[in-house]
Amino acid sequence: MCLRVDAAYCAVAAVCVGVFASPLGAALEVSAGFVAGAAVLTAGWAGLLLLAVSRLPLRASLLSVLAVNMVVVLLVGGLAVMRPIDAVSVLLLAVAAEVAAFAGWQAAVLRTSAH
């Protein structure tokens with residue numbers, strides 16, 4: 001279930017990032033196209049999560065997604081702390097915390113499914 005919820009979160013995040021690509025791009029000082037590309041990648045990741053749930057063993061899926069989520073936490077959290085403190089940096093920290101929570105949930109499921 002945690003991978004399905006993660007997929008739904010990613011799908012919603014992709015839509016939000018896509019809709020706000022222009023103001024996010026301006027705030028991050030990157031092109032709106034770059035931000036829209038991130039939205040497309042996030043939507044693709046949501047699709048991959050759903051595919052993994054339906055076709056791969058649970059443990060392999062959880063380990064892979066947990067690893068990717070930890071990388072995302074480091075990248076998004078790192079970007080947040082390197083920026084000036086503003087609403088976008090707070091938003092990035094919130095996203096990093098949410099992704100970390102998913103990683104924690106996946107780790108907990110891995111621990112309980114190992115027994």
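This is a predicted model: local features need pLDDT of at least 70, side-chain atom pairs count only at pLDDT 80 or more; totals for chains, interfaces and linings use all residues.
## Segments named in the record

Let us begin with what the database says. In an unreviewed UniProt entry, the annotation "transmembrane region" covers residues 7-28, 34-53, 60-81 and 87-110.

Over residues 60-81, the chain is 100% helix and 0% strand, with end C-alpha atoms 32 Å apart.

## The largest nonpolar core

Which residues make up the largest nonpolar core? There are 12 of them: C2, L3, A7, C10, A46, L49, L62, V65, L66, A103, A107 and L110. Two or more residues come from each of helix 1 (2-19), helix 3, helix 4 (58-82) and helix 5 (87-113). Helix 1 provides the largest share, four residues. Because domain 1 (1-55) and domain 2 (57-114) both give residues to this core, it lies between them. Another core, of five residues, lies apart from it and has V76, A80, V88 and L92 among its members.

A46 belongs to helix 3, and L62 belongs to helix 4. Are these residues buried or exposed? L62 is buried, with a relative accessible area of 0%. A46 has a relative accessible area of 6%, so A46 is buried as well, since buried means under 20%.

## The largest pocket

The largest pocket has a volume of about 1100 Å³. Its lining has 32 residues, and the closest to the pocket centre are V17, A38, T42, V76 and V95. Notice V76 here, which is also listed in the five-residue core.

Which helix gives the most to the lining of this pocket? Helix 3 does, with eight residues, while helix 1, helix 2, helix 3, helix 4 and helix 5 each supply at least two. By type, the lining divides into 27 nonpolar, three polar and two charged residues. Domain 1 (1-55) and domain 2 (57-114) both give residues to the lining, so the largest pocket lies between them.

## A loop residue to look at

Next, find E29 in the loop between helix 2 (21-28) and helix 3 (32-55). Is E29 buried or exposed? With a relative accessible area of 74%, E29 is exposed, because exposed means over 50%. The backbone of E29 has a feature to check too: its phi is near 60°, a positive value in a residue other than glycine.

## Distances along and across the chain

A27 sits in helix 2 and counts as partly exposed, at 26% relative accessibility. A27 and D86 are 59 residues apart along the chain, and their C-alpha atoms are separated by 9.4 Å. A27 and L62 are 35 residues apart along the chain, and their C-alpha atoms are separated by 33 Å.

A46 and A14 are 32 residues apart along the chain, with 8.7 Å between their C-alpha atoms.

Conventions
Residues are numbered from 1 along each chain as its sequence is written. Side-chain values use heavy atoms; hydrogens and water are left out. Buried means under 20% relative accessible area, exposed over 50%, partly exposed in between (1.4 Å probe, protein chains only). A nonpolar core is a set of buried Ala, Val, Leu, Ile, Met, Phe, Trp, Tyr and Cys residues joined through side-chain atoms within 4.5 Å. Domain bounds come from an automatic or database domain assignment. On a 1 Å grid over the protein atoms alone, a cavity is a set of points where a 1.4 Å probe fits but cannot get out, and a pocket is an open set with protein on both sides within 12 Å along at least five of seven lines; lining residues have an atom within 4 Å of a point. Grid points are joined across faces, edges and corners, and a volume is the space filled by probe spheres set on the points. Ala, Val, Leu, Ile, Met, Phe, Trp, Tyr, Cys and Pro count as nonpolar, Asp, Glu, Lys and Arg as charged, and the others, Gly among them, as polar. UniProt positions are given in the numbering used here, feature names are shortened, and annotations may be inferred rather than shown by experiment.
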